[in-house]
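Visitor: Could you take me through the pockets of this protein and the ligand that goes with it? I would like the terms set out as we go.

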Amino acid sequence: MLLAIDCGNTNTVFSIWDGSAFIGTWRTATEHQRTADQYYVWLSSLLHFQKIDADIDEVIISSTVPRVVFNLRVFSDRYFNCRPWVVGKPDCKLPVDVRVDEGTQVGPDRLVNTVAGYDLYGGDLIVVDFGTATTFDVVAADGAYVGGVIAPGVNLSLQALHEAAAALPHVDVTKPDHVVGTNTVACMQSGVFWGYVGLINGICDQIKRERDRPMKVISTGGLAPLFQQGHALFDHFEDDLTMHGLTVIHAFNKES
Ligand SMILES: Nc1ncnc2c1ncn2[C@@H]1O[C@H](COP(=O)(O)OP(=O)(O)O)[C@@H](O)[C@H]1O
Ligand SMILES: CC(C)(COP(=O)(O)O)[C@@H](O)C(=O)NCCC(=O)O
Ligand SMILES: [K+]
(Lines give C-alpha, C1' and ligand atoms only; values in the text may rest on other atoms or scores of the structure.)
(Ligands and ions follow the chains in the order given, each with its own letter.)
Protein backbone atom coordinates (compact mmCIF):
# COMPACT_ATOMS: atom_id res chain seq x y z
CA MET A 1 0.00 0.00 0.00
CA LEU A 2 1.02 3.58 -0.64
CA LEU A 3 1.50 6.19 2.07
CA ALA A 4 1.09 9.66 0.54
CA ILE A 5 2.39 12.62 2.54
CA ASP A 6 1.50 16.22 1.71
CA CYS A 7 3.51 18.58 3.85
CA GLY A 8 2.40 22.22 3.73
CA ASN A 9 3.78 25.14 5.70
CA THR A 10 1.03 24.77 8.33
CA ASN A 11 -0.17 21.16 8.24
CA THR A 12 1.08 17.79 7.08
CA VAL A 13 -1.48 15.29 5.79
CA PHE A 14 -0.88 11.53 5.65
CA SER A 15 -3.18 9.31 3.56
CA ILE A 16 -3.05 5.61 2.84
CA TRP A 17 -4.03 4.52 -0.67
CA ASP A 18 -4.88 0.85 -1.18
CA GLY A 19 -4.81 1.11 -4.98
CA SER A 20 -8.44 2.09 -5.40
CA ALA A 21 -9.39 4.23 -2.38
CA PHE A 22 -7.94 6.16 0.54
CA ILE A 23 -8.43 4.02 3.63
CA GLY A 24 -7.45 6.74 6.08
CA THR A 25 -6.33 10.35 6.28
CA TRP A 26 -4.69 12.10 9.23
CA ARG A 27 -3.43 15.63 9.76
CA THR A 28 -0.67 16.93 12.00
CA ALA A 29 1.03 20.30 12.42
CA THR A 30 4.15 20.73 10.31
CA GLU A 31 7.19 20.82 12.62
CA HIS A 32 10.62 20.31 11.16
CA GLN A 33 12.01 19.06 14.49
CA ARG A 34 9.80 15.97 14.39
CA THR A 35 11.86 12.81 14.04
CA ALA A 36 11.19 9.62 12.08
CA ASP A 37 10.36 7.83 15.34
CA GLN A 38 7.88 10.50 16.36
CA TYR A 39 6.08 10.21 13.02
CA TYR A 40 5.86 6.47 13.48
CA VAL A 41 4.52 6.60 17.05
CA TRP A 42 1.86 9.06 15.92
CA LEU A 43 0.79 7.21 12.77
CA SER A 44 0.90 3.69 14.20
CA SER A 45 -1.22 4.66 17.20
CA LEU A 46 -3.86 6.17 14.91
CA LEU A 47 -3.88 3.05 12.75
CA HIS A 48 -4.16 0.90 15.85
CA PHE A 49 -6.95 3.03 17.31
CA GLN A 50 -8.96 2.87 14.07
CA LYS A 51 -8.19 -0.84 13.64
CA ILE A 52 -6.69 -0.26 10.20
CA ASP A 53 -4.36 -2.97 9.03
CA ALA A 54 -2.18 -1.23 6.45
CA ASP A 55 0.70 -2.97 4.77
CA ILE A 56 2.64 0.10 3.66
CA ASP A 57 5.48 -0.63 1.29
CA GLU A 58 5.68 2.57 -0.74
CA VAL A 59 5.83 6.25 0.18
CA ILE A 60 5.44 9.44 -1.87
CA ILE A 61 6.09 12.90 -0.43
CA SER A 62 5.29 16.44 -1.50
CA SER A 63 6.77 19.03 0.81
CA THR A 64 6.76 22.81 0.66
CA VAL A 65 9.11 22.74 3.67
CA PRO A 66 12.48 21.35 2.54
CA ARG A 67 13.73 20.73 6.10
CA VAL A 68 11.11 18.09 6.94
CA VAL A 69 12.04 15.84 4.03
CA PHE A 70 15.13 14.38 5.70
CA ASN A 71 13.19 12.93 8.64
CA LEU A 72 10.39 11.72 6.38
CA ARG A 73 12.98 9.86 4.31
CA VAL A 74 14.38 8.22 7.44
CA PHE A 75 10.79 7.38 8.49
CA SER A 76 10.13 5.61 5.15
CA ASP A 77 13.39 3.76 5.22
CA ARG A 78 13.26 2.68 8.87
CA TYR A 79 9.61 1.69 9.19
CA PHE A 80 8.53 0.73 5.67
CA ASN A 81 11.86 -0.34 4.27
CA CYS A 82 11.47 1.80 1.17
CA ARG A 83 12.96 4.79 -0.55
CA PRO A 84 10.24 7.43 -0.97
CA TRP A 85 9.43 9.29 -4.16
CA VAL A 86 9.87 12.99 -3.43
CA VAL A 87 8.08 15.34 -5.83
CA GLY A 88 10.49 17.84 -7.31
CA LYS A 89 13.53 15.54 -7.07
CA PRO A 90 15.02 14.36 -10.38
CA ASP A 91 14.11 10.69 -9.85
CA CYS A 92 10.41 11.52 -9.39
CA LYS A 93 9.06 12.15 -12.90
CA LEU A 94 5.96 14.20 -13.61
CA PRO A 95 3.39 13.25 -16.27
CA VAL A 96 3.18 16.90 -17.39
CA ASP A 97 5.65 19.55 -18.63
CA VAL A 98 6.70 22.42 -16.41
CA ARG A 99 7.17 25.62 -18.44
CA VAL A 100 8.60 28.26 -16.10
CA ASP A 101 11.72 30.43 -15.98
CA GLU A 102 14.96 28.50 -15.71
CA GLY A 103 16.08 27.97 -12.12
CA THR A 104 12.57 28.37 -10.65
CA GLN A 105 11.83 25.87 -7.90
CA VAL A 106 8.06 25.57 -8.22
CA GLY A 107 6.41 24.47 -4.97
CA PRO A 108 5.85 20.71 -5.24
CA ASP A 109 2.27 21.10 -3.95
CA ARG A 110 1.55 23.31 -6.95
CA LEU A 111 2.93 20.74 -9.38
CA VAL A 112 0.91 17.99 -7.70
CA ASN A 113 -2.26 20.11 -7.87
CA THR A 114 -1.62 20.68 -11.57
CA VAL A 115 -1.28 16.96 -12.24
CA ALA A 116 -4.43 16.20 -10.24
CA GLY A 117 -6.47 18.94 -11.89
CA TYR A 118 -5.45 17.81 -15.38
CA ASP A 119 -6.20 14.18 -14.54
CA LEU A 120 -9.71 15.03 -13.33
CA TYR A 121 -10.73 17.88 -15.63
CA GLY A 122 -8.31 18.05 -18.57
CA GLY A 123 -6.44 21.20 -19.60
CA ASP A 124 -7.14 24.96 -19.55
CA LEU A 125 -7.55 25.08 -15.79
CA ILE A 126 -6.89 27.40 -12.90
CA VAL A 127 -6.32 25.52 -9.63
CA VAL A 128 -6.78 27.61 -6.49
CA ASP A 129 -5.32 26.15 -3.26
CA PHE A 130 -6.15 27.81 0.07
CA GLY A 131 -3.13 26.92 2.19
CA THR A 132 -0.74 29.04 4.21
CA ALA A 133 -0.45 30.96 0.97
CA THR A 134 -3.26 31.03 -1.60
CA THR A 135 -1.88 29.77 -4.88
CA PHE A 136 -3.33 29.91 -8.38
CA ASP A 137 -1.81 27.40 -10.77
CA VAL A 138 -2.41 27.56 -14.48
CA VAL A 139 -2.67 24.36 -16.52
CA ALA A 140 -2.35 24.65 -20.30
CA ALA A 141 -4.46 22.70 -22.80
CA ASP A 142 -1.83 19.92 -22.90
CA GLY A 143 -1.62 19.66 -19.10
CA ALA A 144 1.62 21.62 -18.73
CA TYR A 145 2.15 23.78 -15.67
CA VAL A 146 2.70 27.26 -17.09
CA GLY A 147 2.94 29.40 -13.96
CA GLY A 148 0.51 31.08 -11.62
CA VAL A 149 0.00 33.47 -8.76
CA ILE A 150 1.02 33.40 -5.08
CA ALA A 151 -1.13 35.53 -2.76
CA PRO A 152 -1.03 35.79 1.04
CA GLY A 153 -3.14 33.12 2.73
CA VAL A 154 -6.46 34.03 4.33
CA ASN A 155 -5.37 33.29 7.90
CA LEU A 156 -2.00 34.87 7.26
CA SER A 157 -3.72 38.12 6.27
CA LEU A 158 -5.79 38.15 9.45
CA GLN A 159 -2.76 37.31 11.55
CA ALA A 160 -0.71 40.06 9.90
CA LEU A 161 -3.42 42.63 10.75
CA HIS A 162 -3.43 41.48 14.38
CA GLU A 163 0.35 41.47 14.69
CA ALA A 164 0.93 44.83 13.03
CA ALA A 165 -1.85 46.86 14.64
CA ALA A 166 -1.97 47.16 18.43
CA ALA A 167 -5.76 47.58 18.62
CA LEU A 168 -6.74 44.75 16.27
CA PRO A 169 -7.58 41.42 17.92
CA HIS A 170 -6.99 37.95 16.63
CA VAL A 171 -10.10 36.88 14.69
CA ASP A 172 -11.12 33.86 12.68
CA VAL A 173 -12.19 34.14 9.09
CA THR A 174 -15.91 33.92 8.43
CA LYS A 175 -18.42 35.38 6.01
CA PRO A 176 -19.77 38.58 7.60
CA ASP A 177 -23.46 39.42 7.25
CA HIS A 178 -22.76 42.87 5.86
CA VAL A 179 -19.92 44.47 3.98
CA VAL A 180 -19.99 47.51 6.24
CA GLY A 181 -18.93 46.31 9.68
CA THR A 182 -20.23 48.04 12.80
CA ASN A 183 -17.58 46.69 15.16
CA THR A 184 -13.85 46.01 14.92
CA VAL A 185 -14.12 42.27 14.42
CA ALA A 186 -16.81 42.60 11.73
CA CYS A 187 -14.74 45.24 9.92
CA MET A 188 -11.69 42.96 9.87
CA GLN A 189 -13.70 39.96 8.75
CA SER A 190 -15.28 42.00 6.00
CA GLY A 191 -11.91 43.25 4.78
CA VAL A 192 -10.51 39.77 4.53
CA PHE A 193 -13.62 37.95 3.28
CA TRP A 194 -14.76 40.47 0.67
CA GLY A 195 -11.19 41.38 -0.15
CA TYR A 196 -10.58 37.74 -0.92
CA VAL A 197 -13.72 37.36 -3.04
CA GLY A 198 -12.46 40.33 -5.07
CA LEU A 199 -8.97 38.87 -5.25
CA ILE A 200 -10.17 35.49 -6.47
CA ASN A 201 -12.53 36.98 -9.05
CA GLY A 202 -10.02 39.54 -10.21
CA ILE A 203 -7.11 37.15 -10.59
CA CYS A 204 -9.15 34.46 -12.36
CA ASP A 205 -10.62 37.03 -14.77
CA GLN A 206 -7.19 38.47 -15.53
CA ILE A 207 -5.72 35.02 -16.13
CA LYS A 208 -8.55 34.13 -18.53
CA ARG A 209 -8.09 37.43 -20.34
CA GLU A 210 -4.31 37.02 -20.52
CA ARG A 211 -4.61 33.48 -21.90
CA ASP A 212 -7.54 34.52 -24.09
CA ARG A 213 -9.65 31.40 -23.62
CA PRO A 214 -12.29 30.00 -21.28
CA MET A 215 -10.82 28.11 -18.33
CA LYS A 216 -12.32 26.02 -15.56
CA VAL A 217 -11.54 27.05 -11.98
CA ILE A 218 -10.94 24.24 -9.48
CA SER A 219 -10.53 24.95 -5.76
CA THR A 220 -9.06 22.97 -2.92
CA GLY A 221 -8.10 23.55 0.72
CA GLY A 222 -10.17 23.84 3.90
CA LEU A 223 -11.26 27.41 3.32
CA ALA A 224 -12.45 27.01 -0.27
CA PRO A 225 -16.08 26.13 0.69
CA LEU A 226 -16.33 29.32 2.74
CA PHE A 227 -15.72 31.39 -0.38
CA GLN A 228 -17.87 29.22 -2.58
CA GLN A 229 -21.00 29.91 -0.46
CA GLY A 230 -23.45 31.74 -2.63
CA HIS A 231 -20.87 32.93 -5.14
CA ALA A 232 -19.97 31.20 -8.34
CA LEU A 233 -16.25 31.64 -7.81
CA PHE A 234 -15.23 28.09 -8.67
CA ASP A 235 -16.50 25.49 -11.13
CA HIS A 236 -15.53 22.58 -8.86
CA PHE A 237 -14.26 21.98 -5.33
CA GLU A 238 -11.98 19.02 -4.66
CA ASP A 239 -11.31 18.26 -1.03
CA ASP A 240 -8.34 15.96 -1.57
CA LEU A 241 -6.90 17.27 -4.81
CA THR A 242 -3.26 17.14 -3.66
CA MET A 243 -3.63 13.55 -2.41
CA HIS A 244 -5.19 12.55 -5.72
CA GLY A 245 -2.25 14.11 -7.56
CA LEU A 246 0.21 12.14 -5.43
CA THR A 247 -1.45 8.85 -6.43
CA VAL A 248 -1.33 9.86 -10.12
CA ILE A 249 2.39 10.74 -9.89
CA HIS A 250 3.09 7.50 -8.02
CA ALA A 251 1.35 5.43 -10.72
CA PHE A 252 3.21 7.31 -13.46
CA ASN A 253 6.59 6.60 -11.86
CA LYS A 254 5.80 2.93 -11.33
CA GLU A 255 4.82 2.53 -14.99
CA SER A 256 7.87 4.28 -16.42
N1 LIG B 1 -11.85 23.87 7.41
C2 LIG B 1 -11.10 24.90 7.80
N3 LIG B 1 -11.67 25.95 8.44
C4 LIG B 1 -10.91 27.00 8.86
N5 LIG B 1 -9.59 27.09 8.66
C6 LIG B 1 -9.00 26.08 8.02
C7 LIG B 1 -9.70 24.94 7.57
N8 LIG B 1 -8.81 24.10 6.96
C9 LIG B 1 -7.62 24.71 7.04
N10 LIG B 1 -7.72 25.89 7.68
C11 LIG B 1 -6.66 26.85 7.95
O12 LIG B 1 -6.15 27.26 6.69
C13 LIG B 1 -4.74 27.45 6.80
C14 LIG B 1 -4.05 26.62 5.78
O15 LIG B 1 -4.25 25.26 6.07
P16 LIG B 1 -3.62 24.11 5.18
O17 LIG B 1 -4.44 23.92 3.95
O18 LIG B 1 -3.41 22.93 6.02
O19 LIG B 1 -2.23 24.81 4.80
P20 LIG B 1 -0.85 24.23 4.28
O21 LIG B 1 -1.16 23.27 3.17
O22 LIG B 1 -0.11 25.44 3.83
O23 LIG B 1 -0.19 23.56 5.44
C24 LIG B 1 -4.33 27.11 8.23
O25 LIG B 1 -4.18 28.31 8.93
C26 LIG B 1 -5.50 26.27 8.73
O27 LIG B 1 -5.67 26.42 10.11
C1 LIG C 1 3.62 29.02 -2.50
C2 LIG C 1 3.83 28.04 -1.36
C3 LIG C 1 4.45 28.77 -0.18
C4 LIG C 1 2.46 27.45 -0.94
O5 LIG C 1 2.65 26.60 0.15
P6 LIG C 1 1.48 26.16 1.18
O7 LIG C 1 0.56 27.32 1.33
O8 LIG C 1 0.79 24.98 0.55
O9 LIG C 1 2.18 25.77 2.43
C10 LIG C 1 4.73 26.85 -1.83
O11 LIG C 1 4.18 26.26 -2.96
C12 LIG C 1 6.15 27.27 -2.12
O13 LIG C 1 6.95 27.41 -1.22
N14 LIG C 1 6.49 27.48 -3.42
C15 LIG C 1 7.81 27.82 -3.87
C16 LIG C 1 7.81 28.96 -4.84
C17 LIG C 1 7.00 28.70 -6.10
O18 LIG C 1 6.09 27.85 -6.12
O19 LIG C 1 7.27 29.36 -7.12
K1 LIG D 1 -1.02 23.05 0.14
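Guide: To begin with the classes, Ala, Val, Leu, Ile, Met, Phe, Trp, Tyr, Cys and Pro count as nonpolar, Asp, Glu, Lys and Arg as charged, and the others, Gly among them, as polar. This is a predicted model, in which local features need pLDDT of at least 70 and side-chain atom pairs count only at pLDDT 80 or more, while totals for chains, interfaces and linings use all residues. Residues are numbered from 1 along each chain as its sequence is written, chains are lettered from A and ligands numbered from 1 in the order in which they are written, and side-chain values use heavy atoms, with hydrogens and water left out.

Visitor: How do the residues of the lining of the largest pocket divide by class?

Guide: A pocket is an open set of points on a 1 Å grid over the protein atoms alone, where a 1.4 Å probe fits, with protein on both sides within 12 Å along at least five of seven lines, and its lining residues have an atom within 4 Å of a point. Of the 43 residues lining the largest pocket, Gly8, Asp129, Phe130, Gly131 and Thr132 are the closest to its centre. By class the lining divides into 13 nonpolar, 22 polar and 8 charged residues.

Visitor: Which element gives the largest share of the lining of the largest pocket?

Guide: Helices (H or I, at least four residues) and strands (E, at least two) are DSSP runs, numbered from the N terminus. Several of them supply at least two residues each, including strand E3 (22-29), helix H4 (154-164) and strand E8 (145-152). The largest share, 5 residues, comes from E8.

Visitor: Where does ligand 1 sit?

Guide: A molecule sits in a pocket if more than half of its atoms lie within 2 Å of the pocket's grid points. By that criterion, ligand 1 sits in the largest pocket.

Visitor: What share of the area that ligand 1 exposes when taken alone does the protein bury?

Guide: Among the polar contacts (pairs of N or O atoms within 3.5 Å), an oxygen atom of ligand 1 is 2.8 Å from a polar backbone atom of Thr10, and one is 3.0 Å from a polar side-chain atom of Asn155. Taken alone, ligand 1 exposes 560 Å², by the Shrake-Rupley method with a 1.4 Å probe. The share that the protein buries is 63%.

Visitor: Which elements give two or more residues to the lining of the second largest pocket?

Guide: The second largest pocket is lined by 22 residues, with Val87, Gly88, Lys89, Gln105 and Val106 nearest its centre. The elements that give two or more are strand E4 (58-63) and H3.

Notes. A polar contact is a pair of N or O atoms within 3.5 Å; within protein, one must be able to donate a hydrogen and the other to accept it, and residues adjacent in sequence count only if both atoms are side-chain atoms.
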